[in-house]
Amino acid sequence: MPNALVAELTTPVPRYTSYPTAPHFHAGIGQAQYEAWLAELPADARISLYLHLPFCDRLCWFCGCHTKQVNRYAPIAHYLQALHAEISRIGALVGQRPVTAIHWGGGSPSMLAAADIASVTALLRRSFNVTDTVEFSVELDPSDMEPAKFDAWAAAGLTRASIGVQDFDPQVQAAINRLQSFDQTRTVVEAMRSRGVASINIDMLYGLPHQTVAGAIDTARQVVSLQPERIALFGYAHVPWIKKHQSMIDDKVLPDSQQRFAQATAAADVLRAAGYVNIGFDHFALPHDAMALAAAAGTLQRNFQGYTVDEHDALIGLGASAIGRLPQGYVQNIVATGEYERHALAGTGTVARGLAFTADDKLRGHAIERLMCDFRLSFAELRQRFGAAAEPVICEAVTFAMEDTKGLATLQPGTLVITDAGRPFVRTVAATFDAYLAQDSARYSKAI
Ligand SMILES: C[S@@+](CC[C@H](N)C(=O)[O-])C[C@H]1O[C@@H](n2cnc3c(N)ncnc32)[C@H](O)[C@@H]1O
Ligand code: SF4
């Protein structure tokens, strides 16, 4: 793709892990509305739980997650009391509806002590109807791991470990304040596998300070040698005006749009050559993995954790800043950890904001999700789901394809199809269906 076009297409756009995006949530949706929505869920609604642990024992300068560095365990122990209170309250409302997936994110859930891994898991199983086939995943920072924790996560029933790598080049690691050797990473992969955890995901980043195409290729080769079932290849989102510690990264040593594109392409080539299948715009999976199968079947989904195969009816977020998605709309918990803890422990409700879907939100959200997951939008399917209300979006899709001079998308009978060249820019195509975007384009990171 010509350089000028890459530069033009890297205007900031949302990652579309939700639609409408989180900046549009507002305080008009609170705990009472959330609990009324939960009560309306059908008795057989499949539930996915997301638990957030906003603590780390190191602070990586690139990090965009909601977390805080702590050097003692006491703040985590206190937070867990609040989380226990929220789990009990929400569990009582969800009742016997089946929980089919549990995901721990952060921060670093790998900071949890072995005894706490066991006690929170036991509480989850007492408070919710956790199914025997539950998908149970956790984000692990290798630097936190030790044998007792490997044992505890395995005993809790973990089915997938997601491990942060980012890049193995020591110069890049120094610039992002994250020293992590290949051997340290391999130890975690082998420890989890030997304890029966069937699936491993590894996160890589491109666009980091001092990162080069050769370095991205080298990291991709080392990651492939560990044969994780899934790999996420994210573009580093540099937003120091939101995440103050990112200003520790010198802008002058950040790769530009062309270099970022070249790094992403080169790393992806290594992964594909090693037999991985491209999923959406930033994931890869071995062909037998459920994510590759879902992508082929058109059942891939997208939520706050990125691409997922977890087909749930409601996502329930637990912990500070956690976001839930119900059929009626989104809810988000209080972001500030101390305030979250106070409300959870006092029983005064933890929801700070949310958004009730309009019919147009549901229609556009579906169109954006299908484009992000399938790289195509079927007009017949849109009409079948939304009836005549789908026509304006179909019209926008046709107009987009006819006016597209950059080769991002084409029209095939009854379908808008993103071209191979357009795939890395799917967020930019999706953004044309975003009715809110004109209001807030300054907030987002680069599309590549
Ligand atoms: C919660 S973090 C990782 C879990 C664990 N704390 C660790 O570091 O290994 C999840 C992933 O988000 C990605 N991430 C974090 N900050 C990012 C940023 N600014 N831009 C893009 N991806 C980012 C990283 O790839 C990271 O592994
Ligand atoms: S990347 Fe992981 S370990 Fe590093 S600060 Fe972010 S959440 Fe913590």
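**Close-ups of a predicted model**

View 1. Around ligand 2 sit Cys56, Arg58, Leu59, Cys60, Phe62, Cys63, Gly107, Ser108, Asp141 and Arg178 (a residue is near a molecule if one of its heavy atoms lies within 4 Å of it). Sorted by class, this shell holds five nonpolar, two polar and three charged residues (Ala, Val, Leu, Ile, Met, Phe, Trp, Tyr, Cys and Pro count as nonpolar, Asp, Glu, Lys and Arg as charged, and the others, Gly among them, as polar). A quick word on the model: it is predicted, with local features needing pLDDT of at least 70 and side-chain atom pairs pLDDT 80 or more, while totals for chains, interfaces and linings use all residues. Residues are numbered from 1 along each chain as its sequence is written, chains are lettered from A and ligands numbered from 1 in the order in which they are written, and side-chain values use heavy atoms, leaving out hydrogens and water.

**View 2. The shell around ligand 1.** Here there are 20 residues, and Phe62, Ser108, Gln166, Arg178 and Asp203 come nearest. The class count is eight nonpolar, eight polar and four charged.

**View 3. Polar contacts of ligand 1.** Zoom in on the polar contacts (pairs of N or O atoms within 3.5 Å). One oxygen atom of ligand 1 lies 2.8 Å from a polar side-chain atom of Gln166, and the side chain of Arg178 has an N or O atom 2.7 Å from an oxygen atom of the ligand. On its own, ligand 1 has 560 Å² of accessible area, and the protein covers 88% of that (Shrake-Rupley method, 1.4 Å probe).

View 4. Most residues other than glycine have a negative phi, and most peptide bonds are trans. Tyr19 and Pro20, though, are joined by a cis peptide bond with omega about -10°, and Pro20 belongs to the loop between α1 (3–9) and α2 (31–40). Tyr16 is in the loop between α1 and α2, and its phi is positive, near 50°. Another cis bond runs from Gly106 to Gly107, with omega near 15°; look for Gly107 in the loop between β4 (98–106) and α4 (114–127).

How values were computed:
Polar contact = N/O pair within 3.5 Å; in protein donor to acceptor, adjacent residues only side chain to side chain. Helix = DSSP H or I, 4+ residues; strand = E, 2+ residues; numbered from the N terminus.
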